[in-house]
Amino acid sequence: MAALCESFTLCGLGPSGGVDLGGGLLALEPGPDPDHVLLTDRGRTATLFKVSDQKPLGCWSVKHGQILTCPVVCNFETHEYIAVHDNKVLRIWKNEDINLDKVFKATLSADVYRIHSLPSGGPVVLFKGGAVRTLDVLLEAPQQEIETIISDEVIKWSEAFMEGQQPVLIFATEKDGDFFVYVQSLKVNSLHKYKLEQQELSKPLSFTAYLKNQIITLLCLYSSDSVYKVLIPLQQNTEEEEQILSKSLLLNLSVSGSVLKGTSFVVLDKDHIAVLGSLTASGEESKECLTIWNTKFQTLQTSKELPLGTSGQLWCYEEKFFFTHGKVLTVIMYKCETSSLAAAVGKLKGSQTPDVASFVNWNTLGDEELVVSLQSQQPVALKSESKMTLRSRKNTAAKVQPDTLPVGQLLLNLKDASTTAFEDELRQLMSKAQTPDFQATIGCVVTALINRCKANPKYYPRNFLLQIVQTRDLSYSLCPDLMAVALEKKDVHLLQTCLQRFPDIPEEITYACLKVFLSISEAYLQRIDVNLESVICYIDVELNNKEVKTEIVENGFNAELEQDVWDSKITKETRPTMDGEFCPVGPQKAALLNAVLHSAYSETFLLPHLKNLPAQQAVLFLRYLYYLYVKCSEKINTALPGMSSPTINQIMDWMCLLLDAHFTVMVMLPEAKQLLSNLHKFVRAQVRFYSELNKIEGSLRELQRLNHQKDSQTYSIEVLEII
């Protein structure tokens with residue numbers, strides 16, 4: 001049995017989507033961690049992503065005029081990254097490196113086709129002329145002569161494996177319509193050439209291979225909508241220069257009169273392959289889709305339509321598919337179980353629930369499936385049951401102890417239960433002792449609540465959802481629809497709690513929360529319960545909602561200093577000003593905005609959304625950030641008092657991000673003019689203040705060094721003159 005599960009967007013493609021892959025995606029390779037992938041575009045840039053968080057961890061680009069000509073790979077032994085640009089220039093760098101101009105560089109003597117990185121064998125370099133070198137050998141003499149093995153042949157595909165301690169590389173070439181396969185064993189330096197058996201009116205479009213028991217199984221996707229299998233033993237006793245490889249039919253990509261025009265495919269296990277292509281039927285428009293096939297029983301296991309189109313490329317790592325869908329890079333998780341005839345024809349219990357709408361760990365969850373899947377994939381017979389049969393089924397289910405039922409089945413049985421019974425059963429389910437799949441169970445519970453909210457707009461268990469989020473270690477990935485429903489209901493307290501507790505909130509949702517918080521009136525917020533622990537220590541509010549300033553200036557920062565009075569005496573009293581002195585928002589809204597400031601984000605992905613923030617809301621947010629900035633600067637340690645208060649770095653980062661997104665608009669707005677002027681004066685005053693401190697930094701360090709040389713137990717009075 002095989003099924004497609006949860007899907008999500010890893011990143012957008014193009015300048016506005018976060019990763020500039022406008023020229024297309026060259027390749028996707030595994031990163032240094034199982035949860036990391038390396039994206040290489042068809043231009044200058046490589047990006048490292050953490051898949052579970054959908055966050056970029058690093059991005060590196062070669063200079064303008066240069067181009068990456070093969071996929072960037074990770075050296076799993078040294079955790080270094082290897083790239084080739086302009087066919088011959090090799091670059092090697094580490095995570096902490098930023099500028100690729102300053103990293104290791106070597107110019108090779110021949111054009112590189114591809115670098116393959118093996119977990120225990122190191123990187124292997126394949127040249128366009130067919131020669132193969134390990135990276136270590138190549139770096140000993142980068143300008144060493146590289147022989148040409150293939151003539152007038154073009155490499156179409158390559159792959160590398162480890163056979164024991166020996167790296168093995170296989171690549172396919174094409175010349176005048178004929179296809180050849182080369183197998184290179186590096187340690188014994190043996191090279192074997194084969195010719196693929198020709199097939200009339202059909203040619204191979206894509207290749208994949210795997211190595212087992214010293215036999216390479218090469219799979220070829222042909223233009224005749226078929227997949228063929230070729231077996232190549234590593235041990236060859238024959239001395240023939242070129243052998244003909246016979247192939248056998250593995251799978252016909254047709255079902256019920258529809259034919260799949262495949263473009264790429266991957267092997268999932270010994271019985272399953274995944275194929276990306278266009279499904280066509282006579283008289284109907286073709287539809288691009290991702291499919292999983294059972295090669296043992298020649299059946300289509302599951303498929304997913306992709307209406308926005310794909311690039312035809314498909315990658316598979318760590319039980320996840322990666323492919324472009326429209327203008328985004330999409331990830332779909334899948335599961336494969338031991339192949340059986342019952343599963344292949346869809347008669348096995350649970351085999352008709354391929355689509356899962358919540359992030360779960362299938363390695364621990366076992367056969368527990370989400371209620372949304374069970375609802376969408378019920379057998380027809382179940383849907384046509386009479387009400388009497390349904391009541392009978394519910395009564396029978398009530399007699400069964402919940403402990404004996406899978407979570408998915410239990411949630412399905414509760415589908416028609418009353419609200420009270422539904423919530424009581426869910427609370428009872430959550431009260432069980434924690435098990436390895438407990439986290440996924442909680443995600444299923446939240447998903448069931450959200451599904452009921454969608455089905456019945458009048459139903460919204462605010463307190464129950466808030467209790468779950470506050471007491472359980474959830475994440476956005478476990479319940480992606482939770483915050484969407486909270487935004488629709490304008491449940492700001494739940495949104496605040498999610499922002500404080502979820503580590504993986506997408507930037508689009510963070511922006512949506514910010515927009516909602518800024519748009520809600522102060523009068524409405526005063527009637528709502530909001531967690532104020534992040535503001536109560538630095539915002540005091542009277543009945544008329546005006547702040548009472550109770551703190552004095554401690555380190556001398558004041559915007560007034562900029563007005564040509566820098567050398568005058570700094571007083572400990574400040575005059576109230578229009579900006580920076582009083583909080584421009586009430587404590588409830590301030591607490592909500594603080595939750596946004598604390599959320600994790602990537603500037604690359606947040607900035608496009610932030611540009612859509614209305615101008616008036618952007619000015620209000622900037623006023624609040626400026627107020628926090630002034631407050632932080634009043635303290636010697638530049639830190640706000642209280643729990644969960646924003647840090648000076650968070651305030652500065654958001655202020656810079658907001659100005660980047662709206663600077664032109666703010667310059668044109670009359671109401672923002674004074675704010676920008678005050679902010680400019682305040683920052684310039686601080687720069688001057690710190691520059692004065694820097695002037696005596698050397699003297700202070702010398703004083704500290706002299707004090708360390710003295711005997712601390714000896715009493716003395718010394719006068720040191722600082723020049």
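**Exercise 1. Determine which residue forms a salt bridge with K50, and classify the accessibility of K50.**

Solution. K50 pairs with D53, and their closest N and O atoms are 3.3 Å apart. A salt bridge requires a side-chain nitrogen of Lys or Arg within 4 Å of a carboxyl oxygen of Asp or Glu; the K50 pair is therefore counted as one, at 3.3 Å. For the second part, buried means under 20% relative accessible area, exposed over 50%, and partly exposed in between (1.4 Å probe, protein chains only). K50 has a relative accessible area of 28%, so K50 is partly exposed. The structure holds 10 salt bridges.

The model is predicted: local features need pLDDT of at least 70 and side-chain atom pairs count only at pLDDT 80 or more, whereas totals for chains, interfaces and linings use all residues. Residues are numbered from 1 along each chain as its sequence is written, and side-chain values use heavy atoms, with hydrogens and water left out.

**Exercise 2. Locate the partners of the salt bridge between E147 and R133, and state whether each is buried or partly exposed.**

Solution. The closest N and O atoms of E147 and R133 are 2.8 Å apart. This pair links distant parts of the chain: E147 belongs to the loop between α1 (135-140) and β14 (154-163), and R133 to strand β13 (residues 132-134), 14 residues apart. Helices (H or I, at least four residues) and strands (E, at least two) are DSSP runs, numbered from the N terminus. E147 counts as partly exposed because its relative accessibility is 36%. R133, with a relative accessible area of 14%, is buried.

**Exercise 3. Give the strand order of the open sheet of 5 strands, and identify its edge strands.**

Solution. The order is β23-β24-β25-β26-β27, with antiparallel pairing. The edge strands, β23 (254-255) and β27 (299-305), each pair on one side only. Two strands pair if DSSP finds at least two bridges between them. β23 and β24 (residues 258-269) run antiparallel and are joined by 2 bridges. Within this pairing, S254 stands opposite V259 in β24.

**Exercise 4. Identify the residues of the nonpolar surface patch that includes L700, and place L700 in the chain.**

Solution. Y690, L693, I696 and L700 make a nonpolar patch of about 330 Å². Patch residues have over 30% relative accessible area and no salt bridge; like charges are joined within 9 Å and nonpolar side chains (Val, Leu, Ile, Met, Phe, Trp, Tyr) within 5 Å. L700 is partly exposed, at 43% relative accessible area, and lies in helix α20 (residues 697-709).

**Exercise 5. State how many helices and strands the protein chain has, and what share of its residues is buried.**

Solution. The protein chain has 20 helices and 30 strands. Of its 723 residues, 49% are buried.

Terms used:
Areas by Shrake-Rupley, 256 points an atom, 1.4 Å probe, with all protein chains shown as cover.
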